[in-house]
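Biologist: I would like to go through this model with you. Shall we take it one question at a time?

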Amino acid sequence: MARNVGRIFSGFRCSGSLPFGKTQLKTRCPRLLLRTTPERTVVQALSSIFSHKSRDFSLPNSSWGEEMMRLYNHYSSQSGEAAEGQEDQGEQWTRLPSYNRSLKYATGGVYLSKIIQSKARLFTRNIRDTGAAFEYVLFFRRDKQRCVCIFQAGHLLEGPPGHVHGGAIATMIDTVTGTHASLLSAPVMTANLNINYRSPIPLGSTVLVESTMDKEEGKKTFLSCRVTSTDGSKLHTEAAALFVSINVSHLLRG
Ligand SMILES: CCCCCCCCCC(=O)SCCNC(=O)CCNC(=O)[C@H](O)C(C)(C)COP(=O)(O)OP(=O)(O)OC[C@H]1O[C@@H](n2cnc3c(N)ncnc32)[C@H](O)[C@@H]1OP(=O)(O)O
């Protein structure tokens with residue numbers, strides 16, 4: 001089992017900034033050595049722990065509307081990918097790849113049957129019909145104080161008629177702040193999520209979910225999050241989140 005656990009966490013440990021990144025397990029990550037900036041290392045680490053067949057859901061697909069594409073192009077044009085070879089002034093955005101499995105080898109799976117392990121999928125990426133549910137892409141800043149997510153809410157996320165379900169909004173807030181906290185203090189889990197819903201989000205619309213790190217106190221990372229219209233003029237939701245750093249053994253205990 002120790003070897004499997006090592007495989008589970010090796011990619012993230014190498015990344016140094018994603019979930020389970022600070023596990024003490026001794027593993028190697030040879031494919032990461034060529035990368036220079038922390039962001040590129042993260043992206044490379046994510047890619048390296050998924051099979052080559054894994055689809056990167058953070059890339060555009062035919063369901064993405066005009067606004068989603070406009071914003072994707074906006075942040076991509078300011079990303080390290082676009083500025084390859086240019087000097088990094090610390091103000092670039094990095095797109096985070098996204099897969100429908102948290103890890104190639106399931107975490108916490110020691111109590112699950114192999115069938116369940118093989119069927120496990122990331123909650124936000126488990127609808128095959130593109131555009132039907134959560135379409136989103138995350139970018140984060142080199143200084144790691146900010147994370148931004150472009151989110152297009154599909155028709156399967158309906159709560160009140162014609163509008164997005166509050167649980168779906170909470171899911172996106174947890175995803176964005178959780179990813180952000182992981183970049184800062186991996187491994188973490190959500191301890192507290194306090195949400196104020198200010199104005200409904202029309203189904204099918206594209207919104208911005210922005211996360212800011214407020215403070216770190218020992219094992220605790222506090223973040224705030226705002227969901228707004230893409231021009232920032234309308235506040236849909238605001239939230240405060242607390243993430244607590246855990247030991248790898250915390251997940252294995254069940
Ligand atoms: C690649 C794809 C990425 C996708 C990202 C998705 C992110 C999704 C993240 C999640 O949804 S995680 C799933 C939902 N969360 C859980 O299931 C967590 C369940 N709860 C636990 O496992 C533990 O309670 C927890 C890890 C949160 C804390 O337990 P610990 O035993 O490690 O904490 P500890 O008792 O040592 O407390 C550490 C500090 O945190 C504080 N604390 C713990 N829980 C708290 C709480 N609920 N509220 C406020 N403070 C809390 C605690 O008071 C203390 O403060 P001080 O250091 O000041 O003394």
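**The sheet and what surrounds it**

Modeller: Seven strands make an open sheet, ordered β1-β2-β3-β5-β6-β7-β4, and the pairing is antiparallel. Keep in mind that this is a predicted model.

Biologist: Which strands stand at the edges of the sheet?

Modeller: Look for strands with a single partner. Such a strand has one side left without a neighbour in the sheet.

Biologist: By how many degrees are neighbouring strands turned against each other on average?

Modeller: Direction is ignored for this angle.

Biologist: In β5, what is the bridge partner of Cys-149?

Modeller: Strand β3 covers residues 146-153, and β5 covers residues 206-217. They pair in the antiparallel sense over seven bridges. In one of them, Val-148 has Glu-210 as its partner. For Cys-149, the partner is Val-209.

Biologist: Which residue in the hairpin of β5 and β6 takes a positive phi?

Modeller: β5 and β6 pair in the antiparallel sense over ten bridges. One of these joins Lys-215 to Phe-222 in β6. The hairpin has two residues between the strands. With phi near 60 degrees, the residue is Gly-218.

Biologist: Where is Pro-187, and is the peptide bond from Ala-186 to Pro-187 cis or trans?

Modeller: Pro-187 sits in the loop between α5 and β4. Most peptide bonds are trans. Here omega is near -10 degrees, and the bond from Ala-186 to Pro-187 is cis.

Biologist: How far apart are the end C-alpha atoms of residues 162-233?

Modeller: UniProt lists this span as "domain: Thioesterase", in an unreviewed entry. The span is 28% helix and 44% strand. Its end C-alpha atoms lie apart by 21 Å.

Biologist: What volume does the largest cavity have?

Modeller: The search covers the whole structure and finds one cavity of 30 Å³ or more. Its lining has 13 residues, and Phe-57, Ile-127, Asp-129, Phe-134 and Glu-135 lie nearest the centre. By class, the lining has five nonpolar, three polar and five charged residues. The volume is about 90 Å³.

Key: Residues numbered from 1 in each chain as written. Predicted model: local features only at pLDDT ≥ 70, side-chain atom pairs only at ≥ 80, totals over all residues. Heavy atoms only, no water. 1 Å grid on protein atoms, 1.4 Å probe; cavity = no way out; pocket = protein on both sides within 12 Å on 5 of 7 lines; lining within 4 Å. Points joined across faces, edges and corners; volume = space filled by probe spheres on them. Nonpolar A, V, L, I, M, F, W, Y, C, P; charged D, E, K, R; others polar. Pairing = 2+ DSSP bridges. Helix = DSSP H or I, 4+ residues; strand = E, 2+ residues; numbered from the N terminus. Axes fitted to C-alpha atoms, helices over the stretch in contact; angles between N-to-C directions. UniProt positions renumbered as here; feature names shortened; annotations may be inferred.
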